[in-house]
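This report describes charged side-chain pairs and one further residue of the model shown here.

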Amino acid sequence: MTETIVHGRPKGFFATFERRPGPIKKNMHYCPGCGHGILQKLIAEAISDLQIQDKTIIISPVGCSVFSYYYFDCFGISVPHGRAPATATGLVRSNPDSIVISYQGDGDLGAIGFNNFIQAANRGENMCVFFVNNAVYGMTGGQMAPTTLPGQKTLTSPYGRSTDNEGYPLKVSEMVAALDSPVYVERAALSTAKNILAARKAVRKALRNTIDRKGFSMVEFLAGCPTNLKLDAKAMNEFINNRMIPCFPLGCFKDIADERDPIRRPAGIYDRKKVRELLYPVRVEKGVPPDFRNNSEIFQKTRKIKLGGFGGQGVLSLGKMIATMGRLRNFNVSWLPSYGPEMRGGTANCSVIISRKTIGSPVIDKNCNLLIVLNQPSMDKFLPELKQNGVLIYDSTTIAKPDCSPDKIVYAVDASNIAKKIGSLMYANSVILGALAVALDSYFLTPADQADFDRTFEEAIMDCFSNKETIIKLNIEAFYAGKKAVIESRAGKK
Amino acid sequence: MLVQTIMKNKTKQVKYQAVIAADECKGCERCVNACPKSVLQMGREFNFMGFPYAVYVGEGCIGCGACFYTCPEPGAITIVKVTGD
């Protein structure tokens, strides 16, 4: 006489469930006749038969199966309600060899976590989702779920789910099968032995797809909740077979795993140094050593520069160029753009602060040292903010001569016309900067810094437009044209 | 060769048995409904947790596994193959 076990406790479970409370450590916490137990048995059997226990991670959702990590002899993670596919994405991306199983109920997957789930499905993450659909919220005591059948009475639909008021049940498998990424979608039922064996096959197929890295597999299981539906075992099976299956037809909705190549994603990087290099690339500093300091008087104090104009005129990039020039000469700089929602046509302005000291606030609301305006509304708006003895540079093509107090140093530059001659209105901002170079050097810059200003500008423009060679050339041309124009106009005045 | 094997198996007596762990059973009756040979019944006694539990009548199991797969508990039912000489 020899005895062999044909069907016995699956090896995928722990021999005894030490973490399960209560005196019996051999069975599960589920109610008598629960569908979870049936499915978890199939999963445990499959992971031990496929020999993947060492690399399987089962994600327990929120719901009755929240304690499934008590039972499976593999890795387990408990996640916030509905977030299992998001966590699974992280796990499988950082460790592509792991077999990630997201075990979810209809409240977890179909209601609170639906977007997490559908996005993971659409990305085609290499994981399998086992979706337990029992048409009711089990753990909370039998409220209506997205998958509750039309006419089904629950705690929150005491007259039966009305399609007029609550709509039709959510058909998750059909929705997922309609996406391009998922490779395998099937719906099985945990009712009769025949259906359970079909479900067993589906579990194995989904796991095999995950092992082969074919992508996203999902199996939906129609399961029973005898406690909340107040049915006995026989009536529960009849409910699944006669009421749930007509609404949620069984079968395979999609199986294209054979046509797909295994997924290959960029491997994760764990080296701290490498990550740092990627996130914060080392900038090649041009021109000056880090302890370089300009000698000119003007740089002794914090300088506030305000720029205003129409969006699209290059006001913001002009500000950025000035800020870059400051940065390249070891100043602390801040650049604060402010613009309307429209990309072109609205007014835009930006505030640039250049200082040797730490800059407290990037906002300039009064007392700016230098004002550059490219349109009339900005002139009217910002001229009162200009400090005594401040410098004003404006585009005389578009702006009438301002009426300001005699202490201000005013430069009118025919910027738009000069820029048009060079090729495009786009270069007006570089023309203005050329004017600024002249404006500064005659009053404020020492000879050494005068020469340096042009060089800094060229460095800055290469920094700002690093990938557009022709634009750099034309901008530099515009810069010198602007410079020339101001020098000429000054000579004419004299 | 095949014939010999079949003959050998025929001479051997093969029996299947459903072994039920009484304390793990919760008395849901799924196995009783699922058994195609109706050799499982609900017992009249209660187990440690106070559930009535299923019992095997002692004869007639064909080892199909229907009760095992329909049972929600991991090890409440074990199907054992008994090979006699």
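A salt bridge is taken here as a side-chain nitrogen of Lys or Arg within 4 Å of a carboxyl oxygen of Asp or Glu. In this predicted model, that rule gives a count of 18 salt bridges over all chains.

| A:Glu45 | A:Arg200 | 2.9 Å |

A:Glu45 belongs to helix α1 (residues 35-49) and A:Arg200 to helix α6 (residues 193-211), so their pairing ties together parts of chain A that are 155 residues apart in sequence. A:Glu45 is buried at 11% relative accessible area, while A:Arg200 is partly exposed at 23%. Both residues also belong to a network of salt bridges that links them with A:Asp49 and A:Arg204.

The pair A:Arg265 and A:Glu125 joins two loops, the one between β8 (251-255) and α9 (272-279) and the one between α4 (114-123) and β5 (128-133), and so ties together parts that are 140 residues apart in sequence. Here A:Glu125 is buried, with 0% relative accessibility, and A:Arg265 is partly exposed, with 33%.

By contrast, A:Asp452 and A:Arg455 both sit in helix α14 (residues 447-464), 3 residues apart, or about one turn of the helix; A:Asp452 is buried at 4%, and A:Arg455 is partly exposed at 48%.

Apart from these pairs, A:Ile364, in the loop between β11 (347-355) and β12 (368-373), is buried at 3% relative accessibility and touches residues including A:Lys304, A:Ile305 and A:Glu385.

Definitions and conventions:
Residues are numbered from 1 along each chain as its sequence is written. Chains are lettered from A and ligands numbered from 1 in the order in which they are written. This is a predicted model: local features need pLDDT of at least 70, side-chain atom pairs count only at pLDDT 80 or more; totals for chains, interfaces and linings use all residues. Side-chain values use heavy atoms; hydrogens and water are left out. Helices (H or I, at least four residues) and strands (E, at least two) are DSSP runs, numbered from the N terminus. Buried means under 20% relative accessible area, exposed over 50%, partly exposed in between (1.4 Å probe, protein chains only). Contact means heavy atoms within 4.5 Å. Lists of a residue's contacts leave out its neighbours within four places in sequence.
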